[in-house]
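Biologist: Here is a model I would like to go through with you. Could you start from the overall picture and then take a close look at the metal site?

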Amino acid sequence: MKIITSGSRYIDIDAYASCIAYRHLLALKGINSKAVSTAKLNESVTQNLLDLDVKLDKYEPKEDDEFIVIDVSDKNFFDNIVKQNKITEIIDHHTGFESYWNEKLGENSKIEFIGAAVTIIFELYEKENLQDKIPKDIAYLMMSGILDNTLNLKAKITNNRDVIAYKKLEKISGELGDYASKYFMDCEQLIEKDLKTALENDTKIGVISKRLPSVISQLTIWNKHNFLKNKDLIFNTLNKFGNEWILNLICLKEGKSYIVASNNILLQEVKDILKGDIVEYYLECKEVWLRKEIIKVVEECP
Ligand SMILES: [Mn+2]
């Protein structure tokens, strides 16, 4: 059985949508597969999306399972069910491991630095001319994945391919252009209900760069005011992950990132790279930064 899966600690709507959409594409091509995850779903997978008729599959390990891994290509972060020597395909949009997988899998390694992994999945539908066979529910999932990972198509990482895929999916879903605000308000409500859990579920742990702490948390919200009031809660929650951490709070209404760091030296170091102004205990950036963009810019710094 082909098992489509993603990361280990938590998965977001891009990964969730990609696994489900790819299962449907394979089914249209007559290939049986399961979309599976043992990770927690983070708050980008809203209740409205969980209530749709399309869902993940239950997993029972079988000897002949093969794995298709989406939205992650660093093997340290694969879902625990993945057997590395049984991976047949990787679809991702994070940098760092593309030459490794290209060498191993050839054309079955599809790693491209664009806004969302699910954009690559949409293009695979188009390649087979099967985009008109995308059900509405799956179109909603795919649109949400693009919106979340590109910050409403405004993040620097956004590629024209993401914009084109989103517009086409909008037509397929029949939405009349207000889907983004609907989706992001759903997300904010979920985060507000339990900020501590949201922080925990969106914290990535692992050494990525010598110049950044190994703990990097990120939350996407609509309005910053409710969150930056919670300094104690933020510090208490993130201190449990390690001595050094940063939190990237993305505020879509202001169109800016606010960075909180475990200490002032670290905050100053982040300021030297991302620029902006230190206000109270956080750095107010001039623009929106995604975690993966911060990592990229730090690595490119001399
Ligand atoms: Mn992604």
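How many positive and negative side chains does the protein have, and how far apart do the centres of the two sets lie? Then, for the close look: which protein donors does the manganese ion have?

Modeller: Happy to. This is a predicted model, in which local features need pLDDT of at least 70 and side-chain atom pairs count only at pLDDT 80 or more, while totals for chains, interfaces and linings use all residues. Residues are numbered from 1 along each chain as its sequence is written, and side-chain values use heavy atoms, with hydrogens and water left out.

Your charge question comes first. The protein has 41 positive and 48 negative side chains, and the centres of these two sets lie 1 Å apart. Lys and Arg are counted as positive and Asp and Glu as negative, with His and the chain ends not counted; each charge is placed at NZ of Lys, CZ of Arg, CG of Asp or CD of Glu.

Now the overall picture. There are 12 helices and 13 strands, read as DSSP runs numbered from the N terminus (H or I of at least four residues for helices, E of at least two for strands). The radius of gyration is 19 Å, in agreement with the value near 19 Å for a compact globule of 302 residues; it is taken over C-alpha atoms, and the globule rule is 2.2 Å times the number of residues to the power 0.38. Along the principal axes, the C-alpha atoms fill a box of roughly 55 × 45 × 35 Å. Buried residues make up 54% of the 302, where buried means under 20% relative accessible area, exposed over 50% and partly exposed in between (1.4 Å probe, protein chains only). Among contacts (heavy atoms within 4.5 Å) with a separation of 6 or more, 67% join residues 24 or more positions apart.

The manganese ion has Asp14 (OD), Asp71 (OD), His93 (NE2) and Asn149 (OD1) as its protein donors, at 2.1 to 2.3 Å. Donors are N, O and S atoms within 2.8 Å of the metal (3.2 Å for Na, K and Ca), and since water is not among the atoms, sites may look incomplete. Along the chain their spacing reads D-x56-D-x21-H-x55-N. Aspartate 14 belongs to helix 1 (residues 13–28) and aspartate 71 to the loop between strand 5 (66–70) and strand 6 (87–92), so this pair ties together parts that are 57 residues apart in sequence. Both aspartate 14 and aspartate 71 are buried.

Two loop residues deserve a look as well. Asparagine 152 is in the loop between helix 5 (136–150) and helix 6 (160–173), and its phi is near 60 degrees, positive although the residue is not glycine. Leucine 153 is in the loop between helix 5 and helix 6, with a positive phi near 65 degrees; at 25% relative accessibility, leucine 153 counts as partly exposed.

Finally, serine 37 lies in the loop between strand 3 (33–35) and strand 4 (40–41) and is buried, with a relative accessible area of 19%. Beyond its neighbours within four places in sequence, serine 37 is in contact with Thr5, Ile11, Leu56 and Asp79.
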